[in-house]
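Here is a short briefing to read alongside the model.

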Amino acid sequence: MLLGTQRINGKGALEIGGCDTVELAREFGTPLYVLDEDYFRDTCRRYRAAFESRYPEVEISFSGKAFMATAVCRIVDQEGLSLDVSSGGELYTGLRAAFPPARILLHGSNKSREELAMAADAGVGRVVLDNLPEVYLLQEVAAEKSKTVDVLLRVTPGVRADTHTHIQTGEVDTKFGFSMVGGAARQGAAAALNARNLEFRGIHCHIGSQIFDLAPFRQAAEMMVDFAAQLRQEVGCVVEELDLGGGLGVRYLPEDEPPSLEEYAEAVTAAVRARCEKHGFPLPKLLQEPGRCLVGEAGTTLYTVGVVKDIPGVRTYVSVDGGMSDNPRPALYDARYDAIVANKATEPRTTKVTVSGKHCETDTLIADLEAPEMAPGDILAVQTTGAYNYSMASNYNRLPRPAVVLLSDGRAELIAERETLDDLVRLDRMPDHLRPGESHAGTSPQ
Ligand code: LLP
């Protein structure tokens with residue numbers, strides 16, 4: 001499977017953005033996240049075009065949680081997309097990247113007063129309200145600052161999407177949002193409408209992530225328009241904006257066949273149109289918040305192969321120099337990946353191996369990968385790691401987080417440094433009685 005600008009060059013090596021990945025591994029070290037800039041930009045454009053050509057007014061936000069870095073925010077801004085952030089940290093990153101605040105949406109199921117204050121001070125375009133206490137808290141914060149904040153109401157339509165249970169978020173039984181069932185959403189809308197410093201703009205939902213089936217997207221769109229009609233009748237508020245979240249899946253494996261961006265846009269916009277017509281409802285502005293499908297396939301992780309352990313008749317373990325700290329998704333969601341041995345990209349895949357990380361865990365990255373015979377020093381390129389990899393990376397086992405390099409037209413530019421060993425102890429503090437040379441005067445354990 002070759003994605004975006006990936007190709008095999010004359011040396012039989014994997015190339016991305018005109019850069020030889022084997023040389024990148026040598027120059028920047030491994031593990032290394034690389035991002036195919038042209039593919040990322042192209043996907044942003046296609047997504048915009050798919051919606052803009054089918055619907056009168058749309059605003060597409062990149063969901064920053066998928067891959068947050070200041071340079072990524074700049075690309076998103078240049079491509080004319082808005083930015084959805086889900087914490088003070090993501091908001092801060094966007095603002096540091098000089099992302100126009102009016103095109104930022106703040107999410108979160110448990111936003112703090114500080115986060116809401118930061119959003120109000122920055123003048124973000126929308127705050128997406130998640131629960132009733134937050135309506136009152138944001139009203140209080142906005143009033144203190146004599147500001148008016150535009151808000152959307154996050155609603156849970158009760159739609160079950162066929163994806164891993166950890167990333168289903170549209171059901172009734174979820175921590176997110178105001179439930180449509182039982183009247184919580186109606187109550188939330190009324191509260192937002194009555195809050196003097198909040199401007200109610202519309203409603204939002206997000207049913208889950210890595211979804212291939214278009215039916216739940218259609219269903220959610222229909223239910224949201226029905227709910228907008230209900231709000232007009234019962235609460236007297238006008239839904240000017242309808243935000244249907246993100247969630248479209250990407251290709252992790254050659255056999256994966258997600259719908260195209262165009263098929264997805266057609267399904268969603270047709271559902272909204274038809275339902276609005278039914279209710280005699282003017283078409284609201286349509287908001288979208290894709291994360292994974294914009295950046296997922298544009299990212300690749302390069303690792304160096306270390307120990308190769310063959311257990312005859314059982315399995316061959318190929319260990320790489322990263323693992324669950326740079327990609328926790330196999331452990332969290334049973335996620336599966338494909339990979340190319342970057343320096344043997346033309347060799348036939350004659351063996352089956354299990355690719356493991358180097359953590360003190362059974363951190364299988366890829367089970368049963370068909371690959372050429374591997375040896376220490378080979379460079380393994382794991383594909384489709386652009387979404388929820390760098391953004392979910394940790395320092396487990398005190399592994400420094402990898403660098404991120406942006407690739408385009410044969411140029412490779414660092415957009416995030418590799419953490420150093422000093423970074424790992426930078427925040428540690430030593431109380432006096434633990435300083436080297438101090439002995440412990442207290443009682444020793446029995
Ligand atoms: N909008 C909201 C409110 C969301 O919660 C999310 C993702 C998105 C948009 C973007 O969804 P996407 O288009 O990327 O599917 N860490 C998990 C995914 C968690 C998704 C959380 N919300 C994973 O690695 O699969």
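How many helices and strands are there in the protein chain? The protein chain has twelve helices and 21 strands, where helices (H or I, at least four residues) and strands (E, at least two) are DSSP runs numbered from the N terminus. With a radius of gyration of 24 Å, close to the 22 Å that the globule rule gives for 446 residues, the chain is as compact as a globular protein of that length; the radius is taken over C-alpha atoms, and the rule is 2.2 Å times the number of residues to the power 0.38.

Please note that this is a predicted model, in which local features need pLDDT of at least 70 and side-chain atom pairs count only at pLDDT 80 or more, while totals for chains, interfaces and linings use all residues. Residues are numbered from 1 along each chain as its sequence is written, and side-chain values use heavy atoms, with hydrogens and water left out.

**Overall build**

- Along the principal axes, the C-alpha atoms of the protein chain fill a box of roughly 70 × 65 × 40 Å.
- Of the 446 residues, 54% count as buried; buried means under 20% relative accessible area, exposed over 50%, and partly exposed in between (1.4 Å probe, protein chains only).
- Among contacts with a separation of 6 or more, 70% come from residues 24 or more positions apart, a contact being heavy atoms within 4.5 Å.
- The protein chain exposes about 19400 Å², and carbon and sulfur atoms supply 48% of that area; accessible areas come from the Shrake-Rupley method with a 1.4 Å probe, and for residues only the protein chains shown count as cover.

**Salt bridges**

- The structure holds 33 salt bridges, each a side-chain nitrogen of Lys or Arg within 4 Å of a carboxyl oxygen of Asp or Glu.
- Side chains of opposite charge can pair when their charged atoms come close.
- E15 pairs with R7, and their closest N and O atoms are 2.9 Å apart. E15 is buried at 12% relative accessible area, whereas R7 is partly exposed at 43%.
- E266 and R54 form another salt bridge, with the closest N and O atoms 2.8 Å apart. This pair links distant parts of the chain, 212 residues apart: E266 sits in helix α9 (residues 261-279), and R54 in the loop between α2 (37-52) and β5 (58-63). Both partners are partly exposed, E266 at 40% and R54 at 24%.
- D338 bridges to R349, with 3.3 Å between the closest N and O atoms. D338 lies in the loop between α11 (329-333) and β16 (339-341) and R349 in the loop between β16 and β17 (351-356), so the pair ties together parts that are eleven residues apart in sequence. D338 is buried at 5% relative accessibility, and R349 is partly exposed at 37%.

**Helix α8**

- Helix α8 (residues 215-234) has 20 residues and reaches 28 Å from its first C-alpha to its last, close to the 28 Å expected at 1.5 Å a residue; the expected span is 1.5 Å times one less than the number of residues.
- Its buried residues include P216, F217, A220, A221, M224 and V225.
- These buried residues of α8 pack against β9 (149-156), α7 (184-194), β11 (198-204), β12 (241-243) and α9.
- After α8 comes G236, whose phi is positive, near 75 degrees.

**Cysteines**

- A search of the whole structure finds zero disulfides, a disulfide being a pair of cysteine sulfur atoms within 2.5 Å.
- C205 is buried at 1% relative accessible area, while C360 is exposed at 65%.

**Backbone details to look up**

- The peptide bond from T30 to P31 is cis, with omega near -10 degrees, and P31 is found in the loop between α1 (21-28) and β4 (32-36).
- A98 is not a glycine, yet has a positive phi of about 60 degrees. A98 lies in the loop between α4 (88-96) and β7 (104-106) and is exposed at 56% relative accessibility.
- T384, also not a glycine, has a positive phi of about 60 degrees. T384 is in the loop between β19 (379-383) and β20 (403-408) and is buried, with a relative accessible area of 0%.
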